[in-house]
Amino acid sequence: MRPKRVGILGGMGPEATAFFFQKIIELTPARRDQDHIPLIIFNNPQVPDRTAAIMGHGESPLPILLEGITFLEGAGVDFICIPCNTAHFYYEELQNRCRVPILHLIDEVVKQVQEHGDVNKIGILATTGTLKSGLYQKACQKLRIKTLTPDATQESELYAVIQNIKAGKKVLQPVIDLVNAFLQQGVQGIILGCTELSLIKEELAREFHIPIFDSVEILARRAVQLALS
């Protein structure tokens, strides 16, 4: 049985997309080239800023996202992954215009939190757009998982960290301070709800001995599972 062909709608940002691709390779139980999963990446970094659009002061990314989805569907993929949490604000509109399934990153992450079993209160690290739209809060509420999000100052500092990562600079201290503040308020784990934050997971894992739910790794693992099923 041949593996399913995976479509990746990427470019948000490019390094996070490359990291997602690398995770798929790492998680595939392959002993030779032919054991790997066929995939097609539509990497378009010209997608307008998702947070700016959600906050009402930027161009909508939906037309370009739809262009990418249409390209991948036409290329014959069996399902599509979008390694960008904030882009899932547009998930329903994208899925309604697409005949192939689009994996829902937010739902996959929250499902992992639930299946972990020991996390009843989770801290969410994400972009301003993801936080303000309540993507994770709503998904967690459905499963009766309590959430904690940054206050206005922490949110601004976290967004600056994310933008720095996009620019190739890792500034960890604001994230470390935020997680420590979360721990003081009783969180039992954290969600890396921005794919740029996945790029600093190893540093955070060395600093904190709590469950860290990495959206890139969770989506990649699910993609591999589905492609090989």
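What follows is a chat about helix packing, aromatic pairs and backbone details in a predicted model.

Me: Before we start, what are the ground rules for this model?
Reply: It's predicted, so local features need pLDDT of at least 70 and side-chain atom pairs count only at pLDDT 80 or more, while totals for chains, interfaces and linings use all residues. Residues are numbered from 1 along each chain as its sequence is written, and side-chain values use heavy atoms, with hydrogens and water left out.

Me: OK, at what angle do H1 and H11 pack?
Reply: About 50°, with the axes of H1 (residues 14-27) and H11 (residues 215-228) 9 Å apart. That makes H1 oblique to H11 (under 35 degrees is roughly parallel, over 145 roughly antiparallel, 65 to 115 roughly perpendicular, and the rest oblique). Axes are lines fitted to C-alpha atoms, for helices over the stretch in contact, and angles run from 0 to 180 degrees between N-to-C directions.

Me: Which residues of H1 and H11 meet?
Reply: From H1, Phe19, Phe20, Lys23, Ile24 and Leu27; from H11, Val216, Glu217, Leu219, Ala220, Arg221, Ala223 and Val224. Contact here means heavy atoms within 4.5 Å. The contact residues split into nine nonpolar, three charged and no polar (Ala, Val, Leu, Ile, Met, Phe, Trp, Tyr, Cys and Pro count as nonpolar, Asp, Glu, Lys and Arg as charged, and the others, Gly among them, as polar).

Me: Switching topic, how many aromatic pairs are there?
Reply: Two. Rings of Phe, Tyr and Trp (its six-membered ring) pair if their centres lie within 6.5 Å; planes under 30 degrees apart are stacked, over 60 edge-to-face, and the rest tilted. Phe42 and Phe71 make a tilted pair, 5.0 Å centre to centre with 45° between the planes. That pair links distant parts of the chain, with Phe42 in strand E2 (residues 39-43) and Phe71 in helix H3 (residues 62-74), 29 residues apart.

Me: And why is the pair of Phe89 and Tyr90 edge-to-face?
Reply: Because their planes sit at 85°, with the ring centres 5.0 Å apart.

Me: Is Tyr90 buried or exposed?
Reply: Tyr90 counts as buried at 6% relative accessibility, while Phe89 is partly exposed at 40%. Buried means under 20% relative accessible area, exposed over 50%, and partly exposed in between (1.4 Å probe, protein chains only).

Me: Where is the cis peptide bond?
Reply: From Met12 to Gly13, with omega near -5°. Gly13 is in the loop between strand E1 (6-10) and H1.

Me: What about phi of Arg144?
Reply: Near 60°, a positive value in a residue other than glycine. Arg144 lies in the loop between helix H7 (135-142) and strand E5 (146-148), and counts as exposed at 79% relative accessibility.

Methods. Helices (H or I, at least four residues) and strands (E, at least two) are DSSP runs, numbered from the N terminus.
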